[in-house]
Amino acid sequence: MAEQPLSGILITGASSGIGEALARLYAGPGILLALTGRDAGRLDAVAAACRAAGAEVDARTVPVTDTAAMKALVEETAARGRLDLVIANAGVSGGFRSWETFDSYVRSITAVNIDGVLNTVNPAIPVMVRQGGGQIAIVSSIAGLLAMPGAVPYSSTKHFARAYAEELRGRLAPEGIRVSAICPGFVVSRMTDRNKFPMPFLMETDKAARIIRDGLARNRGRIAFPWPMLAMVRLLGLLPYPLLDRLLRRAPGKD
């Protein structure tokens, strides 16, 4: 009997937060985890935990902004097994200090949150088409459902991530490729640790990872949580724009 090929799962931003929690959750025998992250020490610790759970792990500090390196990682993962799932999770946020440096600040965010998504997802598409199917998850945010003046350009990059996932979902369905947009609210992570403003419905990372895994297993097109925050954002979206504009201007900004 032929040996069962490894089930390949590629996760970016896996050295902390949701990416780390998902890596640990998916780790097990028969799984090949391709993990990227910026912090080599933390990524090595995640890789060791996943190996202890029985998974094979290829952990690299590959910047998602490196188009050629990400393409190589995708193709090398597929060569070792079947590329079943790609999770484009890497993302950055922050606040700018001066309008003089605004352009460089915006480009540093979009390079990761937009170009990084493209560099992760796009090379996986022809691989999955050739193998007859697969699954792609793109991590957006509940902030991607409204334009948030206090989170420029984070909010707009997450709009892109959500819309790109939802466009691809319809386009790739005939190829047997399932695509989901993941829209979390506030989740405990190094990113949210820097926030100095109230974060309603803040969720533990492991719980968020379980919600994402279960949503992907059900092939949900949009995995948005927690529901009270989603409901609040949807209600805000129903307001007349002049009123919504005034309210959102009062929202706290990132430092």
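**Notebook: aromatic pairs and one buried threonine**

My cut-offs: buried means under 20% relative accessible area, exposed over 50%, and partly exposed in between, with a 1.4 Å probe and protein chains only. F102 counts as partly exposed, at 23%.

A note on the source: this is a predicted model, where local features need pLDDT of at least 70 and side-chain atom pairs count only at pLDDT 80 or more, while totals for chains, interfaces and linings use all residues. Residues are numbered from 1 along each chain as its sequence is written, and side-chain values use heavy atoms, leaving out hydrogens and water.

Next I checked ring pairs. Rings of Phe, Tyr and Trp (its six-membered ring) pair if their centres lie within 6.5 Å; planes under 30 degrees apart are stacked, over 60 edge-to-face, and the rest tilted. I get two aromatic pairs by this rule. W99 and F102 make a tilted one, 4.9 Å centre to centre with 55° between the planes. F160 and Y164 have ring centres 5.3 Å apart and planes at 15°, so this pair is stacked.

Where do F160 and Y164 lie? Both are in helix α6 (residues 154-172), four residues apart, about one turn of the helix. Helices (H or I, at least four residues) and strands (E, at least two) are DSSP runs, numbered from the N terminus. F160 is partly exposed at 26%, whereas Y164 is buried at 15%.

Last, I turned to T36, in strand β2 (residues 31-36). T36 counts as buried, at 1% relative accessibility. Leaving aside residues up to four places away in sequence, T36 touches several residues, among them I11, L43, R60 and L73; contact means heavy atoms within 4.5 Å.
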